[in-house]
Structures are given as structure tokens and as C-alpha cells.
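Here is a friendly tour of a protein model with several chains.

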Amino acid sequence: MLALRRFFTKQQFIRNYASGKKLLEIAEDKNTGIHIISMARSPVNSLNLELLEELKTSLIEVQKNNCKGIVLTSSLPTVFSAGLDIMEMYKPDIKRFTAYWRTLQDTWMTLYGLEIPIAAAINGASPAGGCLLAISCEYRVFVDGEHTIGLNETQLGIIAPQWFIDPFVNTIGYRQAELALLRGSLFRPNEALNIGLVDELASDKAEAIQKCQKYISSYDRISKQARNMTKLRLREKLISWLQEHREIELNYVKQFIQLANVQKGLHAYIETLKQKQN
Amino acid sequence: MLALRRFFTKQQFIRNYASGKKLLEIAEDKNTGIHIISMARSPVNSLNLELLEELKTSLIEVQKNNCKGIVLTSSLPTVFSAGLDIMEMYKPDIKRFTAYWRTLQDTWMTLYGLEIPIAAAINGASPAGGCLLAISCEYRVFVDGEHTIGLNETQLGIIAPQWFIDPFVNTIGYRQAELALLRGSLFRPNEALNIGLVDELASDKAEAIQKCQKYISSYDRISKQARNMTKLRLREKLISWLQEHREIELNYVKQFIQLANVQKGLHAYIETLKQKQN
Amino acid sequence: MLALRRFFTKQQFIRNYASGKKLLEIAEDKNTGIHIISMARSPVNSLNLELLEELKTSLIEVQKNNCKGIVLTSSLPTVFSAGLDIMEMYKPDIKRFTAYWRTLQDTWMTLYGLEIPIAAAINGASPAGGCLLAISCEYRVFVDGEHTIGLNETQLGIIAPQWFIDPFVNTIGYRQAELALLRGSLFRPNEALNIGLVDELASDKAEAIQKCQKYISSYDRISKQARNMTKLRLREKLISWLQEHREIELNYVKQFIQLANVQKGLHAYIETLKQKQN
């Protein structure tokens with residue numbers, strides 16, 4: 001599929017990718033030069049192989065075009081992202097799972113180390129991998145409402161990878177992070193603000209995007225080179241860690257998700273989701 | 001003494017250990033399945049070789065029985081634990097001191113890496129090694145009153161080991177930790193709460209235990225395996241550090257406590273304690 | 001120049017150093033035994049080779065005399081220190097620049113690892129390298145007013161070295177530090193207090209010095225040896241990092257400042273400064 005990409009322009013590619021399904025919407029704000037990347041995989045922006053691949057590619061391309069910055073948000077009304085697609089882990093085809101996990105690692109390293117400013121306009125629920133996307137941006141604006149954000153992996157019987165944990169600790173501090181990770185806590189907007197998991201609240205998505213744009217524009221008079229190298233100096237340790245451990249981790253995760261009790265837990269969780277939908 | 005253990009049941013062992021002195025009391029709350037481990041070495045729960053050995057053994061055994069969680073507290077009315085027994089360091093027999101320090105290291109690694117939930121109901125003074133026990137649990141409830149908690153080693157002319165310092169930094173953050181460690185600060189309950197050194201206050205020991213039980217029960221619906229592995233992922237770095245440095249550290253501490261001025265300081269401190277008792 | 005030092009007493013040396021220019025004023029408070037080191041290089045205490053060399057030497061000598069502690073402040077009315085002297089980096093003579101950067105590294109390692117208590121009475125603007133001096137002390141009192149403090153390197157198109165970043169993170173926590181470093185934020189006294197970048201405010205320089213002295217006196221009854229070793233245990237990791245990386249870093253900085261766009265940025269900045277002066 002990557003080979004095919006050469007025959008398309010960027011916009012065509014995005015439109016045509018993944019058998020015609022539109023997984024991401026990219027728009028450029030002509031006034032500000034800021035790009036809005038909206039995840040658009042119904043119903044809950046589950047991060048499957050195709051969405052991650054497209055997200056990674058888009059981040060790299062927008063960055064290459066030297067745009068002013070990116071707002072990451074969701075095209076869905078109540079969900080930012082539900083996190084990793086459980087169907088990639090349930091009864092996995094190991095060949096696809098290997099590609100999946102590598103793409104997840106690559107997407108995170110691209111996002112976390114992105115040179116241009118990137119802020120998350122979190123317009124709905126943002127558990128687990130959804131929270132990872134948010135904390136890997138530089139700035140977070142959370143739309144007020146009934147939804148929550150957090151690394152709730154333990155509630156699903158799974159374990160947040162080390163590179164989910166470390167940026168989480170960096171964002172809210174070790175003590176609060178440990179408590180939240182053990183409990184799999186999900187935080188309502190006010191709680192998330194108080195604990196420092198998000199930087200601002202907004203009353204709706206438009207305001208959230210506006211606040212993210214304001215954040216990005218705060219760098220208008222800052223040297224890009226100096227900013228990027230400072231960001232790298234702060235974040236490269238975690239990225240290097242994953243680069244060095246990626247195969248070890250892949251093998252560990254492969255074994256872990258094939259454990260009978262993990263598959264049983266995922267099965268039970270999927271049944272719960274099905275019942276909710278009915 | 002460890003060889004003898006094989007001939008006793010756990011409860012017998014605990015009752016008979018250390019020449020008939022009861023150093024720990026262990027009770028199981030039949031309603032919750034939570035075990036209460038109470039340190040009971042009068043007058044101040046000084047952590048000598050026998051108490052530490054018993055604490056370590058009890059933690060391992062209770063964990064092996066797959067119980068729901070542990071509340072660590074004290075049977076004494078006004079003291080949680082006064083910390084390391086100064087008599088183990090004053091005019092030390094080096095053979096016993098070697099066993100002592102290794103047991104201290106082992107006890108800490110067991111406590112800090114414990115798989116099941118453990119919370120401290122701190123029902124009195126908790127300086128130095130007493131504070132270490134508390135910050136190595138997952139959650140801390142401090143009974144309100146005139147007593148204090150903190151790593152006050154510098155006040156005694158000694159130095160908190162690296163593995164006392166690191167969990168302290170993790171609990172209250174680097175800046176507050178540095179200031180408190182240099183000063184040997186002891187915090188009253190309200191101060192300890194404000195600085196994040198404890199998580200909650202309680203009006204008496206019963207309420208403290210109740211709040212600890214509530215903390216432990218918050219994991220009732222969380223996968224044990226996922227919780228344990230997440231905890232290990234957060235804490236294994238400090239445990240690995242000590243595992244790798246334990247002999248180096250032992251030798252360092254052996255030399256340090258044999259310094260003339262350190263012995264002189266300990267002597268002066270013991271004289272002060274004697275005068276207080278008269 | 002270092003060879004000449006042997007023919008002078010300390011006070012003579014300080015008076016005569018650097019062709020008769022007085023770069024530092026050192027006074028001992030006879031009541032408290034605390035030394036006040038005041039930077040006195042008009043107009044803004046730019047840290048050039050000579051001032052840094054003198055600061056380093058003075059710190060070592062005062063410490064050698066086993067004095068009770070040091071207050072670091074400025075003799076200028078509105079500036080603590082404007083940071084690294086841009087003229088050391090603009091169109092640099094590489095031989096001098098090499099000596100300059102090594103002296104900067106040495107001065108920082110001396111200051112950050114100083115055994116005796118040292119507090120900063122920040123009586124004016126304290127950007128970039130000025131902020132580094134302040135956060136490398138143990139305690140900070142900021143005189144209230146219109147001035148600011150912060151690591152604003154990105155605003156000048158340069159990058160704060162790793163050993164500026166790490167103590168900054170330790171002081172205010174990772175999240176706030178990342179945001180401030182990317183933006184090159186400068187904080188007014190109240191903001192600096194709220195974010196934890198300074199420990200206290202004062203209404204004027206005299207009060208700031210008094211509060212610093214009070215901080216130093218809080219160690220009157222603390223074992224010096226225990227205090228020093230505890231401080232080292234907290235700070236040695238960052239010092240060791242620089243010791244191991246100093247030549248690598250020197251070479252990196254040498255190359256960086258010789259980049260055309262960096263020199264261009266410095267030129268533009270110098271022009272701005274000139275216009276301000278007219």
C-alpha cells in the first residue's frame with residue numbers, strides 16, 4: 001500500500017487510503033497556516049493499523065511542508081479516541097499484529113518527537129491509547145462534558161507500556177501517575193485540569209481548537225531551530241529508550257496478548273461492549 | 001533461626017520468634033480479607049535485625065497466601081516507627097551489622113515491590129526509617145496529632161541512603177524533597193498532607209485503618225496481574241538499582257558508621273535519649 | 001593570569017583581578033559568618049570569562065575557609081545577571097571561546113555541588129545564565145518588581161544546554177519546565193513564586209539577603225558532613241553527566257555558535273540591544 005502512495009498527491013492519498021474509507025481529515029486554516037488533523041474512524045476512533053499508519057504519514061508530511069503547527073482532534077461528536085483497537089489484539093494474526101505494534105511504536109516516536117508545535121483539542125472520551133496521543137502532544141485543551149481521560153489499562157486487564165507510563169509521569173508527576181496507573185483512573189475535565197493532565201478546558205470543540213491555535217501561535221516569534229532542538233533535548237531520552245527496546249518490547253507484547261487469561265479478558269470486554277451497543 | 005521456622009506454622013512462628021517476644025501482630029479482617037500487620041516492638045518500634053527479618057518474612061507469607069492487601073501499622077499508642085535501631089549502628093559488631101544491613105535492604109525491596117496492595121496507617125511518629133516504611137507502601141493515612149513524619153537523617157548526623165531518597169523524591173517531587181532532606185525536616189500531619197507526603201489524615205487509628213482498607217478495596221475489580229505488572233514497571237528501576245549496588249552500599253555504610261565522628265554523634269544522641277527518659 | 005594569583009592575598013587578588021576592574025564584591029557578615037558575594041560587572045553582570053573565573057575561584061576559596069554559607073547577589077540596582085555574555089559567542093575567537101565554555105562548565109559544577117549552603121538574593125532581572133546561577137543555588141529569594149526570571153534561550157535563537165535544563169526541571173517539575181523552555185518564558189516575581197521557581201519574595205535587596213541568611217542559619221545545628229553528603233547524593237548525577245560529556249558538549253557548542261544563522265541571530269539581537277541603549 002505504501003508503494004501505491006507514489007501515484008497520488010497527498011490529498012488524493014488521504015481520500016483514497018484504506019479502500020476509500022476516510023480515516024483522517026486534514027484541513028489547513030488559511031488565516032493561521034495551522035493544520036487540523038481530525039481522526040475520523042467511526043464509531044470511536046479505535047487506533048487500528050490503518051489509522052495509525054495514516055496518522056504517522058500525515059504527521060510526517062505536514063511537518064515536511066514546514067507548516068506552522070498541528071491541532072490533533074476528532075471528527076466524531078463524543079470521542080477523541082478510544083485507544084488501541086482491541087480487535088488488533090483479540091485472536092491476533094501474529095504477522096499483522098507485528099506490523100501493528102511496530103506502526104504504533106513508530107507513530108508514537110513521530111508524534112512525541114514532532115518538530116513543529118502540536119496541540120490536542122480533546123473533544124470527547126480519551127482513554128488508554130487516546131490519552132497517549134493527547135499526552136504526546138505539547139498542549140492539551142479538553143472540551144468540558146461527561147467524558148473522561150486517563151490511562152485505564154489495568155481496568156481492561158492489560159498493562160500500559162513503559163513509553164505510555166513515562167510521558168504520563170512527566171505530565172502529572174510520579175505520585176499522581178502511580179496512583180492513577182494502578183487504579184486505571186479516568187478523569188473528568190475538571191479533575192484532569194486540577195491534576196495537570198490537561199492545560200485548559202473549553203466549552204466546545206471550536207473553542208478547544210481556537211485555544212490550541214493560540215498555543216501554537218505563541219511560537220510565532222520563536223526560532224524554529226532553537227525550539228525544535230530544545231524539545232528534542234527534553235524528549236529524546238524516552239524516544240531513544242523505545243528505539244533501543246522496540247524489538248524486545250514487541251516480543252514481550254506478542255507473548256503477553258497470547259496468554260489465555262488475557263484473551264479471556266479481552267473476550268469478556270468485547271462482550272460487554274456488544275451488550276452496550278444493543 | 002530461619003531453619004527452625006520449618007517446624008512451626010506461620011502463627012506459631014510469629015508468636016515464638018525472637019525468644020518469645022512478639023515483634024509483629026498479624027490479624028486478618030474476615031469481612032474484607034485484608035491483613036493488618038502491626039509493629040509491636042516497645043517502646044518505639046526501632047527497626048532492629050529481628051523486627052526487620054520478621055516484617056520481611058510476614059510480607060512474603062501474606063503475599064504468598066494471595067490475600068487482598070495489607071495495612072501496615074503500629075501496636076504502640078504514639079509511634080509508628082522510630083526508624084532504624086540506633087543500637088545496631090552504635091559500637092557495631094560488624095558480623096551482625098552486615099546481616100542487619102542486608103536484611104534492611106531485603107525488607108525494603110520486598111516492601112517496595114510488593115505485588116498486593118499495601119497501605120500505611122501511620123498512627124504516630126514516623127521519622128527516618130519509619131518514614132521509609134511509609135513511603136514504600138502505596139498509600140499513606142496519617143493520624144492527626146502532635147507527631148511528625150520525615151527523613152530527618154541529617155539531624156542525627158547520618159545520611160539517608162540513595163534508596164530512601166529516591167522514593168521520597170517520587171512522593172513529594174525533587175524540589176521539596178531536596179529542601180526537606182538537607183534540613184532533615186519533620187512534618188506535622190497538616191504539613192505532610194499539603195506537601196503530598198501522606199494522602200489523607202484520620203482522627204484516630206481506627207479511622208486510618210478504615211481509610212487504608214478503602215484504598216485497598218478500590219482494586220477489587222482490577223486485574224491483579226495487570227496491577228502488579230504496572231506497579232513493577234513503575235518501581236523496578238529503584239529496586240534494580242539496589243540489587244546492583246547492595247554490596248557496594250553495604251561496604252560504604254560499614255565504613256561510614258565506624259568513623260569516629262559518626263560514633264561520637266550517635267553516642268551524643270543516645271545520651272540525649274537517656275536524659276529524655278529520666 | 002592564574003599564575004599571578006599566587007603573589008596576592010585573596011582580597012588583593014579580587015581587587016586587582018581583570019586589570020583593576022572589580023567584578024565581584026565579597027563581604028563577610030561578622031554577626032553571622034555568612035559571606036555575601038555580589039556580582040559587580042556593569043552594566044548587567046554579563047557572564048564573561050573573567051567574571052565566571054572569578055566567581056568560581058571565590059566560591060572555592062570561601063568554601064575552603066569553611067564559612068557558614070554564601071549569599072549570591074548583585075551589586076547592580078536592577079539586574080541580578082543578564083546571563084552569558086553574548087560577546088563571548090558573537091564572532092568568537094575559538095581559543096578564547098574554548099576557555100570560556102570550560103570555565104562556564106567548571107563554575108556550574110562548583111556552584112551546583114557546593115558543600116556549604118548557598119542562597120540567591122535575586123535583586124533584579126535574571127534571564128538565561130542568570131537564571132541558571134539562581135537555580136543552582138539551594139534557595140532563591142526574588143525581590144519584587146518589574147523584572148523577570150527564566151530560561152529564555154529560545155527567544156534568542158539559542159538552546160539551553162542539558163545541564164541548564166535538568167536543574168530547571170528539578171526545580172519546577174517536568175511539565176512546567178517543558179512549556180517554559182519551549183516558549184523561553186520569563187516569569188514576574190509572583191509567577192515565579194507560584195510556579196516554584198523561587199522560594200520567597202522580598203520587598204527589597206536587604207530583605208532578600210536577610211531571608212537568604214535565615215535560610216543558611218537554618219542549618220546551624222545540622223551536621224555539615226551529613227548535609228554535604230546528602231546534597232551530593234541528590235546532585236551528583238547531573239554533575240557526573242557534565243563531567244562525562246564536557247568535551248562532547250564543548251565541541252557541539254563550538255560548532256553550533258559558528259553556524260551562519262546563529263551568528264546572524266546574535267547580530268540582530270546585539271543591534272536590538274544597541275537601539276535600546278540609544
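Chain C and chain B bury about 1,900 Å² between them, with 57% of it on carbon and sulfur atoms. (Buried area is the accessible area, taken with a 1.4 Å probe, that two parts lose on being put together, summed over both.) On the chain C side, C:T230, C:R233 and C:L234 lose the most area to chain B, together 34% of what that side buries. Before going further, note that this is a predicted model, where local features need pLDDT of at least 70 and side-chain atom pairs count only at pLDDT 80 or more, while totals for chains, interfaces and linings use all residues; side-chain values use heavy atoms, with hydrogens and water left out. Residues are numbered from 1 along each chain as its sequence is written, and chains are lettered from A and ligands numbered from 1 in the order in which they are written.

How many residues are in contact here? There are 21 from chain C and 22 from chain B, where contact means heavy atoms within 4.5 Å. Across this interface of chain C and chain B, the rule finds two salt bridges (a side-chain nitrogen of Lys or Arg within 4 Å of a carboxyl oxygen of Asp or Glu). C:R235 and B:E178 make a salt bridge through their side chains, at 2.7 Å from N to O. The rule also finds five residue pairs in polar contact between chain C and chain B, both residues at pLDDT 80 or more. (A polar contact is a pair of N or O atoms within 3.5 Å; within protein, one must be able to donate a hydrogen and the other to accept it, and residues adjacent in sequence count only if both atoms are side-chain atoms.)

Which elements give two or more residues to the side of chain C that touches chain B? They are β8 (139–143), α5 (162–172) and α9 (224–257) of chain C. Helices (H or I, at least four residues) and strands (E, at least two) are DSSP runs, numbered from the N terminus. The largest share, nine residues, comes from α9(C).

## Where chain C meets chain A

Now for the other partner. Here 22 residues of chain C are in contact with 21 residues of chain A, and the area buried between the two chains is about 2,000 Å², of which carbon and sulfur atoms give 58%. In chain C, the residues that lose the most area to chain A are C:Y174, C:R175 and C:L182, together 35% of what that side buries.

Two salt bridges turn up across the interface of chain C and chain A. C:E178 forms a salt bridge with A:R235, with the closest N and O atoms 2.7 Å apart. On the side of chain C that touches chain A, two or more residues each come from α5, α6 (174–183), α9 and α10 (260–277) of chain C. Of these, α6(C) gives the most, with seven residues.

Over all chains, a search of the whole structure finds 57 salt bridges. In one of them, the side chains of B:D106 and B:R246 meet at 2.9 Å, N to O. B:D106 lies in helix α3 (residues 94–112) of chain B and B:R246 in helix α9 (residues 224–257) of chain B, so the pair ties together parts that are 140 residues apart in sequence.

## Strands and a hairpin

In chain A, six strands form an open sheet in the order β1-β2-β4-β6-β8-β10, with mixed pairing. (Two strands pair if DSSP finds at least two bridges between them.) The edge strands, β1 (24–28) and β10 (200–202) of chain A, each pair on one side only. β1(A) pairs with β2 (residues 34–39) of chain A in the antiparallel sense over five bridges, and A:E25 stands opposite A:S38 in β2(A).

In chain C, β1(C) and β2(C) form a hairpin with five residues between them, and C:G33 in the turn has a positive phi of about 75 degrees. C:L24 stands opposite C:M39 in β2(C).

Most residues other than glycine have a negative phi, and most peptide bonds are trans. Against that background, a cis peptide bond joins A:S42 and A:P43, with omega about 0 degrees. A:P43 is found in the loop between β2 and β3 (46–47) of chain A. The peptide bond from C:S42 to C:P43 is cis too, with omega near 0 degrees.
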